[in-house]
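Please open the structure in your viewer and keep the selection tool at hand. The tour goes from one selection to the next.

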Amino acid sequence: MEFITGALAAIGAGIITNPLDVVKVRFQLQGELKEKGTHRVYYKHFLHAFYVIGRTEGITALQKGLGPALVFQVLLNGTRLGVYEVAEKRKLNLKPDGSMSLLNLLGIGSVAGVLGACAGSPLYLVKIHLQSHAAASIAVGYQHPHQGTLEALATIRRQYGVAGLWRGVSGACVRLVVASCSQLSGFYLTRELLEDYKVLSAEKSLMNTIVASAAGGTLTAFTMNPFDVIATRLYNQGVDKNGKGLLYKNYFDCVRKVFKIEGITGLYKGVIPQLARCGPHTVLCLVFWDILKNNLSSIYPD
C-alpha cells in the first residue's frame, strides 16, 4: 500500500510538470563543456525556451519523454515515498520525545533516495535521451535517435548489455540523496513548525501540507540543481562501442570538467525551470501523497 500511494502521487505530479522538465534538460545541456560566449544560445531564458520548442518542434514536444518519466516516477517515488511512509509508521523519523529528528530524516531520505534512483535508473536514462532529442536547428547535447521508450531500452540492452541500462546511475544516486533529504526534511520540519505554532490552521490540514510542500520544493530546487546537471550530463553523453563515456570518465571527472570549463554557473544551468518544476511538482506530489495515504489508511488500517 505504501508503494501504491507514493506511485499514484508521483504520476499526478509528473503529468503536470513534465514540460518544465523538458525545458530544464535543454538548458542543462546547452553549451556543454564550452565557455560562456563561445557557443550558440538557442534558449535565452525560461519562457523563450517554451516558445522556441513549441514553434520549432510543435507543442507536443514539450511532453517528450512523458512515458518513461511517469514510469520512472512510479519506480522512484513508489520506492522513495513508500520507504518513508514505512519509516513514519514505525516512528523512525522521531526523537524519543516525539519531535522530528533531523538526523533521522536525513538518514531515511538518503536510503530512500538511493533505492529509488537504482529502481528507476533505466527509465531515467531513456527519459533524458528523449527529452534532449530535438530538431537539428535547436539541438543541444548529444542526440540519441530513439523511436520510443521500448525501442530505446531494447537498443541500449542489445548494444551495451544489461549494465548499460544503469549507465549514469552514480549521478542519479547523488542527485536523489540530496533531493530526498531536502524535499522530505523540508516538508516534515516545516509542517511540524506550522502545526506546533498553529500558524495557519488546525493540525493535519491541507493548507499546512501545501505550504510545507512548497518549502520542501524550493529547498530542493536550489540544493539539487548542481547534482542534477551532473546526472543529466552523465546520462545523456555519447558512449563508444564499449559503453565508455565520450566526454566524462566518471562522476568526479564530470564535476571537474564542468566546474573548470563552465564555472559555478555551469552547475546552476536550468535552475529557473528547476525551481518552476520542483515547486509545483513537490507540492502536487506530497499533497497527493498526504491525501492518498490518509484516505487509504482509513480504508486499510494497519
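The stops below cover confidence, a helix pair, a pocket and the cavities.

This is a predicted model, in which local features need pLDDT of at least 70, side-chain atom pairs count only at pLDDT 80 or more, and totals for chains, interfaces and linings use all residues. Residues are numbered from 1 along each chain as its sequence is written, and side-chain values use heavy atoms, with hydrogens and water left out.

**Confidence**

Colour the chain by pLDDT, the predictor's confidence in each residue, from 0 to 100. The chain averages 88, and 92% of the residues score at least 70. Helices here are DSSP runs (H or I, at least four residues), numbered from the N terminus. Select helix H8 (residues 251-262), which has the highest mean pLDDT among the elements of the chain, 97. Then select helix H10 (residues 271-299), which has the lowest, 73.

**A helix pair**

Select helix H4 (residues 102-132) and helix H7 (residues 206-236). At what angle do H4 and H7 pack? The angle is about 85 degrees, and the axes are 9 Å apart. Axes are lines fitted to C-alpha atoms, for helices over the stretch in contact, and angles run from 0 to 180 degrees between N-to-C directions. H4 is therefore roughly perpendicular to H7, a term for angles of 65 to 115 degrees.

From H4 come Ser121, Tyr124, Leu125, Ile128, His129 and Ser132; from H7 come Asp228, Thr232, Tyr235 and Asn236. Four of these contact residues are nonpolar, five polar and one charged. Ala, Val, Leu, Ile, Met, Phe, Trp, Tyr, Cys and Pro count as nonpolar, Asp, Glu, Lys and Arg as charged, and the others, Gly among them, as polar.

**A pocket**

On a 1 Å grid over the protein atoms alone, a pocket is an open set of points with protein on both sides within 12 Å along at least five of seven lines; a cavity is a set where a 1.4 Å probe fits but cannot get out; lining residues have an atom within 4 Å of a point.

Select Gln30, Lys36, His39, Thr265 and Lys269, which lie nearest the centre of the second largest pocket, among its 18 lining residues. Helix H9 (264-267) and H10 each give two or more residues to this lining.

**The cavities**

Select Arg80, Arg175, Gln183, Arg277 and His281, which lie nearest the centre of the largest cavity. Its lining has 16 residues: six nonpolar, seven polar and three charged.

For the second largest cavity, select Asp21, Ala69, Gln73, Lys127 and Arg277, the closest to its centre of 14 lining residues. Which helix gives the largest share of this lining? Helix H1 (2-29) does, with five residues.

Technical notes. Angles under 35 degrees count as roughly parallel, over 145 as roughly antiparallel, 65 to 115 as roughly perpendicular and the rest as oblique. Contact means heavy atoms within 4.5 Å.
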